[in-house]
Amino acid sequence: MRPTNASSTIADAPSLASRFFMHLLAFIGAGVSGHLAWLSMTGKQPFGCSTGSGFDCNDVLNSLWSHWAGLPVGFVAMVFYAALFVALLFIGPNEPLKRQGRTWRGLILLAAAAMSAAIWFIGLQVRIGSFCPYCMIAHGCSLMLAVLI
């Protein structure tokens, strides 16, 4: 049970292993998303994706929905994952409860946005008829983070 004193540092924070796993997911998501943004900006073909197969990353990376506000969605996703990674630093048991509360509210909003985007972009890949394995790794990280948060 959490104490009612907002300046206390004792809280039911996630375990070290849970926080490490969430950080790992955010790190992987940021790395994969950054790589996809770079591929989208350079026009390079991702390794393991072939034209004409059901796993054609170029179909996904060059689709109508691959950019938002002129930026590759991979770049936007990378920023989201980086924000999640940083926010996760402030949920440890040594953080003041007031900061933890604000951080959890932010994490919940970020996780909900990431989960919604993952569901949306998975649906778009179904509609396009091509799947990007790298995109699916990033989406998997979003969905797992949303469940854990």
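Biologist: What is the mean pLDDT of the chain, and how many of its residues reach 70 or more?

Modeller: The mean pLDDT is 85, and 88% of the residues reach 70 or more. pLDDT is the predictor's confidence in each residue, from 0 to 100. This is a predicted model, so local features need pLDDT of at least 70, side-chain atom pairs count only at pLDDT 80 or more, and totals for chains, interfaces and linings use all residues. Residues are numbered from 1 along each chain as its sequence is written, and side-chain values use heavy atoms, with hydrogens and water left out.

Biologist: Where is the pLDDT below 50?

Modeller: Over residues 6-10. This stretch has 12 contacts in the model beyond near neighbours in sequence; contact means heavy atoms within 4.5 Å. Where pLDDT is low, the predicted coordinates should not be read in detail.

Biologist: What makes up the secondary structure of the chain?

Modeller: Five helices and two strands. From the N terminus, the order is α-α-β-β-α-α-α. Helices (H or I, at least four residues) and strands (E, at least two) are DSSP runs, numbered from the N terminus.

Biologist: Why is T103 called buried?

Modeller: Buried means under 20% relative accessible area, exposed over 50%, and partly exposed in between (1.4 Å probe, protein chains only). T103 has a relative accessible area of 11%, so T103 is buried. T103 is in helix α4. Beyond its neighbours within four places in sequence, T103 is in contact with A87, F90 and I91. Across the chain, buried residues make up 37% of the 149 residues.

Biologist: Why is I28 called partly exposed?

Modeller: The relative accessible area of I28 is 33%, so I28 falls in between. I28 sits in helix α1. Leaving aside neighbours within four places in sequence, I28 is in contact with I137 and C141. I28 and I137 are 109 residues apart along the chain, yet their C-alpha atoms are separated by 8.5 Å.

Biologist: What makes A69 exposed?

Modeller: A relative accessible area of 67%, so A69 passes the cut-off for exposed. A69 is in the loop between β1 and β2 (71-72). Its phi is near 55°, a positive value in a residue other than glycine. Most residues other than glycine have a negative phi.

Biologist: How do you know that W65 is in contact with F121?

Modeller: Contact is a matter of heavy atoms, so the pair must have heavy atoms within the contact cut-off. Besides F121, W65 is in contact with V73, W120, L124, R127 and I128, leaving aside neighbours within four places in sequence. W65 and F121 are 56 residues apart in sequence and 8.5 Å apart in space, C-alpha to C-alpha. W65 lies in the loop between α2 and β1. Its relative accessible area is 28%, so W65 is partly exposed.

Biologist: What is the volume of the largest pocket, and what makes it a pocket?

Modeller: About 660 Å³. On a 1 Å grid over the protein atoms alone, a pocket is an open set of points where a 1.4 Å probe fits, with protein on both sides within 12 Å along at least five of seven lines; lining residues have an atom within 4 Å of a point. The volume is the space filled by probe spheres set on the points, which are joined across faces, edges and corners.
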